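Dear colleague,

Please find below the structure I am handing over to you, with its sequence. My notes on it follow directly after.

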Amino acid sequence: MRVRHKPSDCRSRGAIRARLSLLRASPTGLYGVGAIASILGGKPHYIHFGWFLISVANLVVIVLMIVVFVLALVLPFPGGREKR
Amino acid sequence: MSAYEEPSTWTGRLRRSALRAFPPDRLLPEHQPTYVSSWVYVFGVLTIASLIVVVGSGIVLVIFGPTWWHVSGIGHFVNSLHLWSAEAFFFFMAIHLWAKFFMAAWRGRRALTWMIGAICFLTAIATAFTGYLSQQNFDSQWISTQAKDGLNASGVGSVFNVLNTGQMLLWHVLLLPLVLILFVVIHILLVRLRGVVPPLPASARRSPPKEEPGYPSAPDPALEWTGAKRHYDLIKELVVAVGVIMLVTVILGAVFSSPDEKPVTIASWANAAPADFLSTATSELAGTSDSATYGPPYTHTPGTGQNVFDSFSLARLAGVRIPVDSSSDFVLRPLGIPGKSNPALAAALTRYQSASASQRRLWMDNYTKALGSVSFSAGAPVVSPGNYGPVALMMRDLLNQAQSGGLDGALLASGRFYQTDYTKPLLLLADGAYLGDLAQKQNLLGSQWGMMNETGNYPGQAWLWLYTFWYQVPPFKTSDNADAQIWAIMALLSLALVCVPFLPLIKSLPRRLRVYRLVWRDYYRRVERAGE
């Protein structure tokens, strides 16, 4: 995902300096993606059921693991040349 | 004429036995049994590919040193690669472990392969854990101050000091990776030696009337597979897997980056929460803080050291190995530095140290009570008039020293030039409420499943879920010996994971759950088709 800018933003020297400072400020050093990184670095999101509490990020990882495992079990595997 | 006999040297014996066990076509095969036809088989190689990227990115971080990634955009990106490849490593290793469990992969003299694999998993947890401790940011400060209690309760903390950043960094970049890589290599060699475990018998009750020679219905897992094989390119698979993991981690690193919350310093604490700093420092001087009364491995405090059961304490058995004298280490010795150029402070220190214990206790009690209504004027603490002896002046100067950053240096100073041991500043920080308040906002407390959480919205150490689970349930939730007991439980469970091939009830689960029918469905289809 890239951060969109109005065309006029890119004309002045000030705008170019602002873009360069954004590049330097980006924790990845990659233009435009700092905005996404700030989502993960922002206010934490948690799911709470009684005594059980889990971060959305950890839950996503665990669910993804289960999904990948199930897919690996059920998806057909491409066959290769057989040799007796 | 007698035939030439090869001299029986150690080198020759080793070469011959290595070649017998691992002839080149077994070590680098170009064919594999046809039953190896499921996506679940790719997770082993994806785990190894992730490990290669973890080690590669780790080597770059080592080349440029431990502070590089905090101050450089490229360094931060390499750290992100390291983090996401480590996440991928655990992700695929866990799925690989599940798959091997459901396939009962320990059959046919493969128990050792399973056991070494499980040891790899446990070693990887220790390696990743020391990585979190070596980050030198808020996350590592919090994790180390919390993890110390579990390790100290198990007696391990007296040798493996999680507050000693230099020690943890060396474990993370040298010892543990060396052990992990060694076990991974042994695991891979065992897989090559024994071969991939064949399917469980097609039918538990009877053999089919007819069998296709390439698809025996009940292959003996202890014997080499003699059925049908298919072409296979081991190296190509590994290279492709490394490429995929590289691509995925580059995308994840570029898009999501990696967390790096600034560490708390004594100076930032003393400036942001001077009242908390003062009350903590006063409790250190009075000998009533958590650190002052901790017990082994820091202090000889009677009745301390958690018990695993009854009065059996591994912490007490390990003894006091990292001695800490809170009043001297956190207050009197640091104040001695400005005291050299401040006659009033020097006089106050002399007066305090020459006073009787009861006199000191009276001053401390009075001052502690007065701190309940402390206010600050131009940065200096103001308390209601009372009999505090030299304590008020000492505490005012200690706050000054802390706010200016002098105490950060004084707590690290050990008479040597290079400093890597942060035990004292971390203990002092952990005694205050400020660090805990910041951690609570990040949901990092034990009651918040904190050990598996990461700052911000990043995935954390999800692999510590079972460890952190015990802290949420009775009786451990309220037990004074929770750390010692949970460590004992986790040690037993880890041992059980390693010994799965020998646990009667557990090792029979894969046959009952029948997930293996999905893994080897093509093979079973061929067997059943031949029997018709």
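In chain B, the C-alpha centres of domain 1 and domain 2 lie 45 Å apart. Domain 1 of chain B covers 40–260 + 495–531 and domain 2 covers 266–438, the bounds being taken from an automatic or database domain assignment. The contact between them takes 17 residues from domain 1 of chain B and 20 residues from domain 2 of chain B; two residues are in contact if their C-beta atoms, placed from the backbone, lie within 7 Å.

Please note that this is a predicted model, in which local features need pLDDT of at least 70 and side-chain atom pairs count only at pLDDT 80 or more, while totals for chains, interfaces and linings use all residues. Residues are numbered from 1 along each chain as its sequence is written, and chains are lettered from A and ligands numbered from 1 in the order in which they are written.

On the side of domain 1 of chain B that touches domain 2 of chain B, the elements giving two or more residues are helix H7 (138–153) and helix H8 (165–194) of chain B. Helices (H or I, at least four residues) and strands (E, at least two) are DSSP runs, numbered from the N terminus. H7(B) provides the largest share of that side, seven residues.

H8(B) has 30 residues and spans 41 Å from its first C-alpha to its last, close to the 44 Å expected at 1.5 Å a residue (1.5 Å times one less than the number of residues). A kink of about 45° is centred on B:Trp171 in H8(B); the bend is the angle between axes fitted to the seven residues ending at a residue and the seven starting there. B:Trp171 is also one of the buried residues of H8(B), which include B:Met168, B:His172 and B:Pro177 (buried: 20 or more other C-beta atoms within 10 Å of the residue's own, with C-beta atoms placed from the backbone). The buried residues of H8(B) pack against helix H3 (42–64) and helix H6 (111–133) of chain B. Just after H8(B), B:Gly195 takes a positive phi of about 80°.

Turning to the interface between the chains, 42 residues of chain B are in contact with 37 residues of chain A. H5(B) gives the most to the side of chain B that touches chain A, with nine residues.

As to confidence, chain B averages a pLDDT of 93, and 97% of the residues score at least 70; pLDDT is the predictor's confidence in each residue, from 0 to 100. For the complex, the predictor gives an ipTM of 0.89 and a pTM of 0.88.

With kind regards

Conventions:
A residue is buried if 20 or more other C-beta atoms lie within 10 Å of its own, exposed if 12 or fewer, and partly exposed in between; C-beta atoms are placed from the backbone.
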